[in-house]
Amino acid sequence: MSKKSQNIILKAEQLSIGYKTKKAETVVASNINFELQQGQLIGLVGANGIGKSTLLRTLIKVQPALSGTILLDDKDLKSTSTTDLAKQLSIVLTEQLTSKNLSVYELVALGRHPYTNWIGNLTDKDISIINSSLKQVNIFDLKDKRCYELSDGQLQKVMIARALAQDTDVIVLDEPTTHLDMYHKAYILKLLQKLTKETGKTILFSSHEIDLAIQLCDTMIVMRKDDVVCGQPCQLISKGVFESLFPEDLILFDDKSGSFRIKK
Ligand SMILES: Nc1ncnc2c1ncn2[C@@H]1O[C@H](COP(=O)(O)OP(=O)(O)OP(=O)(O)O)[C@@H](O)[C@H]1O
């Protein structure tokens with residue numbers, strides 16, 4: 001069976017990630033192999049400093065891989081131009097937004113940049129996609145608000161709508177639940193799950209919300225000290241993958257409830 005017929009959208013082969021200067025190479029993680037299926041919600045988890053952001057930055061071509069191959073829709077990422085990449089993959093980062101003076105509508109409209117001319121003129125098709133993106137994340141009534149007027153939870157929805165407006169097969173989010181309360185963390189991840197089901201897009205996000213990711217994701221990529229493991233949450237639980245995620249002195253993974261608890 002070809003890779004295409006298995007609906008694999010993103011694949012890492014013998015990937016090694018890290019940082020290279022003229023003097024030295026720092027390997028953050030190596031021997032990374034995974035295949036991500038189209039239309040799935042995929043959570044990337046691991047302890048602080050293990051390399052989640054480094055892996056995401058490598059997958060979105062913001063930094064080069066040290067070695068190995070990344071295939072996006074069967075094509076080597078190295079030979080994909082930035083313009084083509086923007087039509088295949090959109091990115092939601094948690095860094096402070098510099099354009100908070102824009103209205104919600106204007107910010108979401110920026111998602112159309114790979115398709116508009118240099119002045120950014122919007123066609124009827126662009127407008128229709130922007131409106132449906134606003135509706136898909138339930139923020140149509142916020143469209144005329146300025147971004148600085150929004151709560152962190154509302155802003156995160158706006159950034160997701162912008163990624164939807166970019167109309168790519170893959171959306172990558174770096175820690176989309178940071179700064180959110182428990183309800184909004186669950187709300188955003190549930191929204192991402194709903195979007196994969198409704199749109200067939202593949203959504204990959206990094207998070208420290210391991211319990212929620214176990215409940216909501218189709219697939220998880222778990223970064224540990226010595227390896228990177230990928231699979232369905234229930235498979236990973238039965239293999240004992242989460243037990244070795246953190247030092248055992250303080251928290252334990254309970255495989256019956258699929259969640260972590262404080263050691264008494
Ligand atoms: N620009 C950089 N140059 C060199 N090393 C870096 C750079 N950025 C991060 N690192 C190192 O790479 C390792 C992985 O960092 P990374 O930010 O990818 O981890 P993370 O899992 O996303 O962490 P967190 O959960 O705390 O956000 C760390 O040891 C970090 O110090």
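Which residues have the most contacts inside the largest nonpolar core? In this predicted model, they are Ile42, Val108, Ala161 and Val172, within a core of 64 residues. Helix H5 (residues 152–165) contributes the largest share of this core, eight residues. Beyond its neighbours within four places in sequence, Ile42 is in contact with Leu36, Ile203, Leu204, Cys217, Asp218, Thr219, Met220 and Ile221.

Two of these contacts, Ile203 and Leu204, belong to strand E8 (residues 202–206), of which five of the five residues are buried, so the strand is largely enclosed by the rest of the structure. Thr202, Leu204 and Ser206 point one way from E8, whereas Ile203 and Phe205 point the other way. Strand E8 pairs in the parallel sense with strand E3 (residues 41–46) over four bridges, and Leu41 has Ile203 as its bridge partner in E8. Strand E7 (residues 170–174) also pairs with E8 in the parallel sense, over five bridges; here Phe205 of E8 is the bridge partner of Leu173. Together with helix H6 (residues 182–199), E7 and E8 form a right-handed β-α-β unit.

Notes. Residues numbered from 1 in each chain as written. Predicted model: local features only at pLDDT ≥ 70, side-chain atom pairs only at ≥ 80, totals over all residues. Core = buried A, V, L, I, M, F, W, Y, C linked by C-beta atoms within 7 Å. Buried ≥ 20, exposed ≤ 12 C-beta atoms within 10 Å, placed from the backbone. Helix = DSSP H or I, 4+ residues; strand = E, 2+ residues; numbered from the N terminus. Contact = placed C-beta atoms within 7 Å. Pairing = 2+ DSSP bridges. Right-handed = clockwise from strand over helix to strand, strands pointing away.
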